[in-house]
Amino acid sequence: MTFRQIEYALELSKTLSFSKAAEALYISQPALSRQIQNLEQELGVTLFERTRQGLLLTKAGALFCQDMRLVCSRANETISRVRNCNGVYSDTLRIGLPDHFRKKELADNIKAFMKKYPEILLDIQCIKGSGRLDAFLRRELDVIFFPTRALEKASGVTTEVCRRSHIYCVVDSENPLAEKKYLHSEELAGQRVFIHANTPIAELARAQERLISTVPVNVQPCGNLDVALFWLSLGEGVALVPGFCYSSFQGFAWIPYDFKQTVDYSIACHKDDTREAVRFLTGLVLDSWNRLEAQPDVIV
């Protein structure tokens, strides 16, 4: 049994879908299925029950995943302590990178942080979508960037809004819609629309639902915005995207879309984490990112 197999099983237990788990893990679905079968054979138990209704976690699977989450968390802590055993670092700060946006500004923030706190080891992790929030709530991360509304029900969490954006319609620059200054839903009739399925951004989910329920469009589900970005780069279709994702979608046409609600994105930490370094990083982010609020949120 390898840590990679454990990682695969934990991801599958969250999605209960081989296709979604494979996409999140950046492996093929057959490869994931083989690894899970090998793990089950080694353990001598069935972790996941395959039914006509879908994938179910067995009692043994639930116990395995529950305990292995703790094992992985302790393993990561041990790795950090081992790295620190030479005395170079006195503490570790685990940060979950945001999807798609503000990489340049965040890099500048991290440089300033490292200059002030050279004794703190930064453990930077890139976990996609809701997996990042799950890792944070399991206290495997100290600081994350995440849609504000998704954090509202989390207990013991401190959040600060660092970006507020509108929803835009993103198309290839050669698409006739690129000439538009503003788009209403009716103008997207007949278009191939890439829908971010299971998005953690509640406002984006509502904008997508309103579009496909009121206008006849060709719906193309996507597991995440990376897939939509790929299709758009081929000159295919349109996608609804929050303005803070602009840094990943440069080179496309961004047209303001007729959806009034804005999307808030926050930096979050644990309420009982009173370290000065956490407050300093939060302050850096808010100060540098909020300076751009006077600009149109697509020009970032």
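Mentor: Let us start with a contact between side chains, keeping in mind that this is a predicted model. The side chains of arginine 138 and glutamate 140 meet in a salt bridge, with 2.9 Å from N to O.

Trainee: What makes the contact of arginine 138 and glutamate 140 a salt bridge?

Mentor: The rule asks for a side-chain nitrogen of Lys or Arg within 4 Å of a carboxyl oxygen of Asp or Glu. The N to O value for arginine 138 and glutamate 140 is 2.9 Å, so the pair meets the rule. By this rule the count comes to 13 salt bridges.

Trainee: Why is glutamate 140 called buried, and what is arginine 138 called?

Mentor: Buried means under 20% relative accessible area, and exposed means over 50%. Glutamate 140 has 15%, and therefore counts as buried, whereas arginine 138, with 31%, falls in between and is partly exposed.

Trainee: Which parts does the salt bridge between arginine 139 and aspartate 272 tie together?

Mentor: The side chains of these two residues, arginine 139 and aspartate 272, meet at 2.8 Å, N to O. Arginine 139 lies in the loop between α6 (130-137) and β5 (143-147), and aspartate 272 in the loop between β12 (263-270) and α10 (276-290), so the pair ties together parts that are 133 residues apart in sequence. Arginine 139 is partly exposed at 40%, while aspartate 272 counts as exposed at 53%.

Trainee: How do you know that the buried residues of α9 line one face of the helix?

Mentor: The buried residues of α9 (residues 225-233) are Leu225, Ala228 and Leu232. Seen down the axis of α9, they fall within an arc of 55°, so they line one face of the helix. In general, an α-helix has 3.6 residues a turn, so residues three or four places apart point the same way. The buried residues of α9 pack against β7 (167-171), β8 (192-196), β9 (218-222) and β10 (238-242).

Trainee: What makes valine 45 partly exposed, and which patch does it belong to?

Mentor: Valine 45 has 34% relative accessibility, which lies between 20% and 50%, so it counts as partly exposed. Together with Met1 and Leu43, Val45 forms a nonpolar patch on the surface, with about 220 Å² of accessible area together.

How values were computed
Residues are numbered from 1 along each chain as its sequence is written. This is a predicted model: local features need pLDDT of at least 70, side-chain atom pairs count only at pLDDT 80 or more; totals for chains, interfaces and linings use all residues. Side-chain values use heavy atoms; hydrogens and water are left out. Buried means under 20% relative accessible area, exposed over 50%, partly exposed in between (1.4 Å probe, protein chains only). Helices (H or I, at least four residues) and strands (E, at least two) are DSSP runs, numbered from the N terminus. The arc is that of the directions from the helix axis to the C-beta atoms. Contact means heavy atoms within 4.5 Å. Patches are made of residues with over 30% relative accessible area and no salt bridge: like charges are joined within 9 Å, nonpolar side chains (Val, Leu, Ile, Met, Phe, Trp, Tyr) within 5 Å. Accessible areas come from the Shrake-Rupley method with a 1.4 Å probe; for residues, only the protein chains shown count as cover.
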